Amino acid sequence: MERSYEILLAKIAEGDEKAFHQIWDIYYLKLFRVALYFIRSKELSEEVVSDIFFILWQKRNMLPKIDDLDKYLYVAVKNQALQYLRKQGLQNKEPIDLYTVEFFHDNDNPELQFLNNEFQALVQKAIDSLPDKCKEVFRLHFSEKLKQREIAVLLDISEKTVGIHIMNAYKRISQYVNHEYSKDEKIKRMLCIFF
C-alpha cells in the first residue's frame, strides 16, 4: 500500500473524520459502480456502499492492518452486494443495459439519429454475443470504467486474463460490426446519407 494511504488509514483509526471523508471521496463512486453492476438498483447500490463505509468507520481501529485497501473495499462491496441480492431475492432481476455511448452529435438530423440508434443497437448485439466472462470483463472496463487491476480483484482473476478478455472483446465487437456493415444494403444506406 502507498505510504499516503497508510497515513490516511492511521488517521482514520485515530478517529480523524476529515481523513475518513477523503477515503469516501476517493472510493465512493468506484464502489457504487461495482455495487450497481451486481444489484442493478441505484438506491440499493447507494445503501450497500453506505453500509460498507459505516462498517469501515465502526472497525476503523483495524484499518492500519489492511495491506491492500483497493482489494479490501472491492471485495467488501461485492460481498455486501451479493448478500443484499440473497436477502432481497433479487438474483433473477432483469439486468439493466450498462452500455451507452454517443456516436453522432448532430441530434437535429433525423437520418443521422436513426443511424446512431441503429449502430448502437448493432454494437449492443455484438456485446451480447460475447462469452459470459468476456462480456462481464468488458462491461466492467467500458461501462463501469474500472481499471484492469480493479476488475482482476473483483472477479478474482489475473490482470493478464483481464487484458486478454478486453482485447478479445474489442476484436470480436469490431468483427461483428464490420461483418454486419459489409452487407450491401447497409453500405448503400450509409452512402446515401453522406453523399
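**Figure 1. Packing of helix 2 against helix 3 in the predicted model.** Helix 2 (residues 17-39) packs on helix 3 with the two axes 8 Å apart and at an angle of about 140 degrees. The model shown here and in the following views is predicted. The crossing of this pair is right-handed. Helix 2 contributes Glu17, Phe20, Ile23, Trp24, Tyr27, Tyr28, Leu31, Phe32, Ala35, Leu36 and Ile39 to the contact, and helix 3 contributes Lys42, Leu44, Ser45, Glu46, Val48, Val49, Ser50, Phe53, Leu56 and Trp57. Classified by residue type, the contact of helix 2 with helix 3 comprises 16 nonpolar, two polar and three charged residues. An α-helix has 3.6 residues a turn, so residues three or four places apart point the same way.

Figure 2. Ser45 is located in helix 3. With a relative accessible area of 0%, Ser45 is buried, since residues under 20% are counted as such. Leaving aside residues up to four places away in sequence, Ser45 touches Phe32, Ala35, Leu36 and Ile39. A polar atom of the Ser45 side chain lies 3.2 Å from the backbone nitrogen of Leu36.

**Figure 3. The loop residue Arg40.** Arg40 is placed in the loop between helix 2 and helix 3. Although Arg40 is not a glycine, its phi is positive, at about 65 degrees.

**Figure 4. Crossing of helix 3 and helix 4.** The axes of helix 3 (residues 42-58) and helix 4 (residues 69-88) come within 10 Å and cross at roughly 125 degrees. The two helices are therefore oblique to each other. Helix 3 passes helix 4 in a right-handed crossing. On the side of helix 3, the contact involves Leu44, Glu47, Val48, Asp51, Ile52 and Leu56; on the side of helix 4, it involves Tyr72, Leu73, Ala76, Val77, Gln80, Ala81, Tyr84 and Gln88. Ten nonpolar, two polar and two charged residues make up this contact of helix 3 with helix 4.

**Figure 5. Contacts of Tyr5.** Tyr5 lies in helix 1 (residues 3-13). Apart from residues up to four places away in sequence, Tyr5 touches Ile23, Ile26, Tyr27 and Leu69. The C-alpha atoms of Tyr5 and Asp68 are separated by 9.5 Å, while the two residues are 63 residues apart along the chain.

**Figure 6. Helix 7 and the residue that follows.** Helix 7 (residues 148-155) is largely enclosed by the rest of the structure, because six of its eight residues are buried. These buried residues are Glu150, Ile151, Ala152, Val153, Leu154 and Leu155. Asp156 follows helix 7 and is placed in the loop between helix 7 and helix 8 (159-181). Asp156 is not a glycine, yet has a positive phi of about 60 degrees. In contrast to the buried residues of helix 7, Asp156 is exposed, with a relative accessible area of 69%.

**Figure 7. Context of the close-up views within the chain.** The secondary structure comes to nine helices and zero strands, giving the pattern α-α-α-α-α-α-α-α-α along the sequence. Of the 195 residues of the chain, 38% count as buried. Among contacts in the chain with a separation of 6 or more, 65% are accounted for by residues 24 or more positions apart.

Technical notes. Residues are numbered from 1 along each chain as its sequence is written. This is a predicted model: local features need pLDDT of at least 70, side-chain atom pairs count only at pLDDT 80 or more; totals for chains, interfaces and linings use all residues. Side-chain values use heavy atoms; hydrogens and water are left out. Axes are lines fitted to C-alpha atoms, for helices over the stretch in contact, and angles run from 0 to 180 degrees between N-to-C directions. Helices (H or I, at least four residues) and strands (E, at least two) are DSSP runs, numbered from the N terminus. Angles under 35 degrees count as roughly parallel, over 145 as roughly antiparallel, 65 to 115 as roughly perpendicular and the rest as oblique. A crossing is left-handed if the near helix is turned anticlockwise from the far one by less than a right angle, and right-handed if clockwise. Contact means heavy atoms within 4.5 Å. Ala, Val, Leu, Ile, Met, Phe, Trp, Tyr, Cys and Pro count as nonpolar, Asp, Glu, Lys and Arg as charged, and the others, Gly among them, as polar. Buried means under 20% relative accessible area, exposed over 50%, partly exposed in between (1.4 Å probe, protein chains only). A polar contact is a pair of N or O atoms within 3.5 Å; within protein, one must be able to donate a hydrogen and the other to accept it, and residues adjacent in sequence count only if both atoms are side-chain atoms.
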